[in-house]
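Dear colleague,

Please find below the structure that I am handing over to you, together with its sequence.

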Amino acid sequence: MPTATTIRRTALNETMRKYGGKMVDFHGWELPIQFAGILKEHEAVRKSAGIFDVSHMGQVFVTGADAFTLLQKTNANDLRKATPGKGVYSHVTNPNAGLVDDIIAFCLASDRYLVIVNAATSTKDYEWFKSQAGRMRVKIENKSEDYSMIAIQGPSVPKMFETFAPEALKLPRFGIVEKDIRGEHCYVSRTGYTGEDGFEITAPHSMINQLWEDMMELGKPCGIVPCGLGARDTLRLESGYLLYGQDVDDFHTTYESGYGWVVSLDKGDFTGREILVRQKAEGVKRRLTGLTLTGGVPRPGCKIFMDGKQVGELASATYSPTLKKGIGVGYITPPDLKPGAPLEVEIHGKRVKAEVARVPFHKGTAFNKGIGA
Amino acid sequence: MPKPEEVKYTKTHEWVHLGAEAAVGISDHAQHEMGDVVFVELPKVGQKLEKEKPCAVVESVKSAFDIYSPVSGEVTAVNEAVTIDPALLNQAPLEGGWLFKMKPSNPAEGETLMDWAAYQEFVKQAAH
């Protein structure tokens with residue numbers, strides 16, 4: 001684990017600076033918060049294309065005869081959905097049904113999985129998988145140090161990939177293909193954290209800067225722009241994607257997070273299942289609920305009120321460049337408020353009118369049916 | 001509207017164009033540091049402001065920033081245009097992006113503020 005005094009740099013650090021990235025400390029990683037500006041970057045991803053350094057994300061490889069068994073046991077989602085060449089978004093659950101992490105598990109082959117984990121949790125996840133493996137015939141490797149990762153996101157991205165990776169164009173959402181790029185073994189998946197169609201490429205450090213330049217060149221005709229963490233956050237929140245450590249953690253369950261579709265109760269036993277069975281039957285006491293504001297910009301930690309009484313606080317919140325108003329999500333009790341229900345959010349000591357909103361707040365091209373078909 | 005050399009600056013990066021009616025805004029350096037401004041909360045006309053006390057809020061996508069009154073006095077006008085189009089603060093912080101005007105109650109207060117050269121030096125020092 002990095003200490004407070006050591007800051008980690010991705011292999012793309014110099015390139016980020018060259019492109020004008022304003023570097024900040026993000027949970028111990030030096031990453032660009034923005035380049036030309038969050039609004040410009042956000043709009044580029046929604047309308048054409050943007051490119052992100054997401055090398056802080058982790059890669060855990062699970063291989064062996066019992067790879068499937070281990071992942072099936074430790075995940076709330078059904079890994080049978082991840083057939084070779086496909087991935088599944090899932091929650092790794094602890095015995096209390098809290099989240100060890102939220103991940104994407106890609107099945108590369110029936111005995112070989114690539115698990116994309118969050119930056120701050122990669123060591124924790126690795127240790128957790130190892131502790132759960134017991135005598136299973138499985139090899140668990142944390143290769144987060146060995147790989148960089150680039151996300152290329154936006155409606156124009158498929159066009160960019162026509163010549164570069166035609167095999168990737170056929171991928172459905174959450175599909176993955178192994179591909180040699182510039183002589184190195186890479187993983188190209190049709191995934192992302194923006195709500196737009198696009199790809200993420202996991203690649204060795206040695207060629208990542210060149211790959212970034214290749215993408216910039218390929219994206220020139222559609223006006224691709226480098227994007228930072230600022231736009232990454234506004235894009236993911238508009239899309240209703242969870243941020244581990246902020247929206248979910250070891251103490252909130254999948255049902256409470258509003259991601260019930262991730263839970264597959266009928267797949268057989270998995271860690272935390274009994275708790276989830278009970279929560280499903282009894283209902284949750286709090287739920288991560290979306291809201292929009294009429295004025296002002298909500299921030300994480302802002303208190304939420306209903307009928308003058310505090311009912312929760314915001315976990316994630318920001319200005320939505322697409323909706324042009326404040327949006328946020330927070331755990332609210334009562335858990336089943338209907339869209340439109342009036343709320344108030346306290347900003348700088350003042351109560352601002354808000355209302356319950358459907359999540360996702362905005363559906364980009366990633367939500368389209370038939371991607372890759 | 002004033003040129004950067006014609007206004008005075010605070011250590012909290014506001015500018016004030018001193019006069020019987022003084023205009024107040026944020027410096028170009030400030031808007032650059034804040035990033036895209038998306039919301040502005042202004043004081044009310046008639047409101048009495050105290051030097052170095054918070055009197056307005058500017059919100060960028062990432063953060064909220066308090067604006068401190070450069071001098072004491074009474075608000076005489078506010079720039080509604082920036083509440084409708086907050087991006088004016090980024091585009092023209094010294095022109096269309098002014099925040100409010102005030103009638104200073106103690107002209108001597110203006111003398112403690114930095115001129116353009118001193119402010120540039122201040123920003124340069126702060127970067128180290």
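In this predicted model, the largest nonpolar core comprises 117 residues. A nonpolar core is here a set of buried Ala, Val, Leu, Ile, Met, Phe, Trp, Tyr and Cys residues joined through C-beta atoms within 7 Å; a residue is buried if 20 or more other C-beta atoms, placed from the backbone, lie within 10 Å of its own. The residues with the most contacts inside this core are A:Val62, A:Ala105, A:Tyr113, A:Val115 and A:Ile150. Its largest share, seven residues, is supplied by strand E7 (residues 99-109) of chain A. Domain 1 (8-56 + 145-238) and domain 2 (59-95 + 102-130) of chain A each contribute at least three residues to the core; the domain bounds come from an automatic or database domain assignment. A second, separate core has 21 residues, among them A:Leu293 and A:Val359.

Chain A also has a domain 3 (285-357). The centres of domain 2 and domain 3 of chain A, taken over C-alpha atoms, are 33 Å apart.

Residues are numbered from 1 along each chain as its sequence is written, while chains are lettered from A and ligands numbered from 1 in the order in which they are written. Local features need pLDDT of at least 70 and side-chain atom pairs count only at pLDDT 80 or more, whereas totals for chains, interfaces and linings use all residues.

Helices (H or I, at least four residues) and strands (E, at least two) are DSSP runs, numbered from the N terminus. Seven of the eight residues of helix H3 (residues 67-74) of chain A are buried, so this helix is largely enclosed by the rest of the structure. Among those buried are A:Phe68, A:Leu70 and A:Lys73. The buried residues of H3(A) pack against several elements of chain A, including strand E5 (58-63) and helix H4 (122-133).

An open sheet of chain A has three strands in the order E1-E3-E2, with mixed pairing; strands pair if DSSP finds at least two bridges between them. Strand E1 (8-9) and strand E2 (22-26) of chain A are at the edges with a single partner strand each, so one side of each has no neighbour in the sheet.

Finally, the contact between the chains takes nine residues from chain B and 13 residues from chain A, two residues being in contact if their C-beta atoms, placed from the backbone, lie within 7 Å.

Yours sincerely

Technical notes:
A residue is buried if 20 or more other C-beta atoms lie within 10 Å of its own, exposed if 12 or fewer, and partly exposed in between; C-beta atoms are placed from the backbone.
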